[in-house]
Amino acid sequence: MAVLDEIKEAVINGNKAAAASGVQQALDEGLTPGVILNDALIPAMTEVGLRFENGEYFVPEMLIAARAMQAGLDLLKPLLVQSGIQPIATVAIGTVKGDLHDIGKNLVAIMLEGAGFAIRDLGVNAAPEKFVQAAAEGAQIVAMSALLTTTMPSMKVTVEALKAAGLRERVKVMIGGAPVTQAYADEIGADGYSPDASSATRLAKSLLGAV
Ligand code: B1M
């Protein structure tokens, strides 16, 4: 499908306006948000990552590609999120301390919201204390994202901080992000791991016994 290739090219080249207009055109042509996301936006970021690894792209190119992707996501968000439903539970979601990657975290938040969860977005570079505070204030799920191997340990620190605050039994902890694995979730005592945004919604529901 030509328009999907155009969106991919636009994101890879960091062309925000073309990414947004491509997504709008794809929607006008009747493509579903899921197809646009999975067959254009996400593969584009994968390609950007490969180019970074190969030394063809540097941080500025990654950054402008991320902005172009976000412009496309902004158009899809209202379509992925249902409105007017009673929240299943509140999820406090953030990218862990030291980590500024938020595209995947935002995508997971959008999908969770679409599945009926209330979202408390703690943003990027979220310190363990922020997650603890959100849990103390009533969030039933703490959801942490990490894209760097160097920031993954902050997930463990957060689990320990929840224990120290006496909150661990009251909240479910789920984790994800490209370098994160089920084995890591088991190692740090998280309740669950999911590899992508759609399985994250299934995981969140199953953690609460809602499926
Ligand atoms: Co960075 N970066 N980056 N980067 N960046 C990666 C992650 C990297 C793999 C690139 C590479 O080398 N190939 C590499 C990490 C290596 C490692 O640690 N293993 C890397 C690096 C090294 C860095 C810097 C250190 C570069 C530097 O400064 N020298 C630096 C670190 C800054 C920091 O965070 N402190 C850095 C900076 C940046 C930018 C700011 C330029 C930009 C981020 C902009 C932004 O997010 N607003 C950026 C980008 C764009 C990337 C890549 C290219 C794309 C990430 C992305 O958005 N993917 C990335 C390479 C890659 O991943 N291919 C790379 C698309 C997104 C939809 O996927 O985030 O994986 P993802 O989310 C998925 C799943 O993982 C999952 O669901 C999502 C949707 O399916 N998921 C969850 C995510 N969170 C979840 C939580 C859950 C469940 C599922 O439950 C709670």
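Me: Thanks! How many helices and strands does the protein have?

Reply: The protein has 9 helices and 5 strands. Helices (H or I, at least four residues) and strands (E, at least two) are DSSP runs, numbered from the N terminus. This is a predicted model, where local features need pLDDT of at least 70 and side-chain atom pairs count only at pLDDT 80 or more, while totals for chains, interfaces and linings use all residues. Residues are numbered from 1 along each chain as its sequence is written, and side-chain values use heavy atoms, with hydrogens and water left out.

Me: In what order do the elements run from the N terminus?

Reply: They go α-α-α-α-β-α-β-α-β-α-β-α-β-α.

Me: And what is the radius of gyration?

Reply: It is 17 Å for the protein, which agrees with the value near 17 Å that a compact globule of 211 residues would have. That radius is taken over C-alpha atoms, and the globule rule is 2.2 Å times the number of residues to the power 0.38. The C-alpha trace spans about 55 × 45 × 25 Å along its principal axes.

Me: What share of the residues is buried?

Reply: Of the 211 residues, 45% count as buried. Buried means under 20% relative accessible area, exposed over 50%, and partly exposed in between (1.4 Å probe, protein chains only).

Me: How much of the contacts comes from residues 24 or more positions apart?

Reply: Such pairs account for 72% of the contacts with a separation of 6 or more. A contact here means heavy atoms within 4.5 Å.

Me: Let's switch to the ligand. Which residue of the protein is a donor to the cobalt atom?

Reply: That's His101, whose NE2 is the single donor from the protein, 2.2 Å away from the cobalt. Donors are N, O and S atoms within 2.8 Å of the metal (3.2 Å for Na, K and Ca); water is not among the atoms, so sites may look incomplete.

Me: Where is His101?

Reply: His101 is in the loop between strand E1 (90-96) and helix H5 (103-114).

Me: Back to the start of the chain. Which residues of helix H1 are buried?

Reply: In H1, residues 2-12, the buried ones are Val3, Leu4, Ile7, Ala10, Val11 and Ile12. They pack against helix H2 (16-28), helix H3 (33-53) and helix H4 (59-80). Just after H1 comes Gly14, with a positive phi of about 70°.

Me: Which residue other than glycine has a positive phi?

Reply: Asn125 is one of them, with phi near 50°. For background, most residues other than glycine have a negative phi. Asn125 lies in strand E2, residues 118-126, and counts as partly exposed because its relative accessibility is 41%.

Me: Now Ser154: buried or exposed?

Reply: Ser154 is buried, because its relative accessible area is 11%. It sits in helix H7, residues 153-164. Leaving aside neighbours within four places in sequence, Ser154 is in contact with Val96, Lys97 and Pro128.

Me: What about Val157, where is that found?

Reply: Val157 is found in helix H7 too. At 46% relative accessibility, Val157 counts as partly exposed. Val157 and Ile188 are 31 residues apart in sequence, and their C-alpha atoms are 8.8 Å apart in space.

Me: One last residue. Why does Glu187 count as exposed?

Reply: Glu187 counts as exposed because its relative accessible area is 60%. Glu187 lies in helix H8, residues 182-188. Its C-alpha is separated by 8.7 Å from that of Lys156, which is 31 residues away along the chain.
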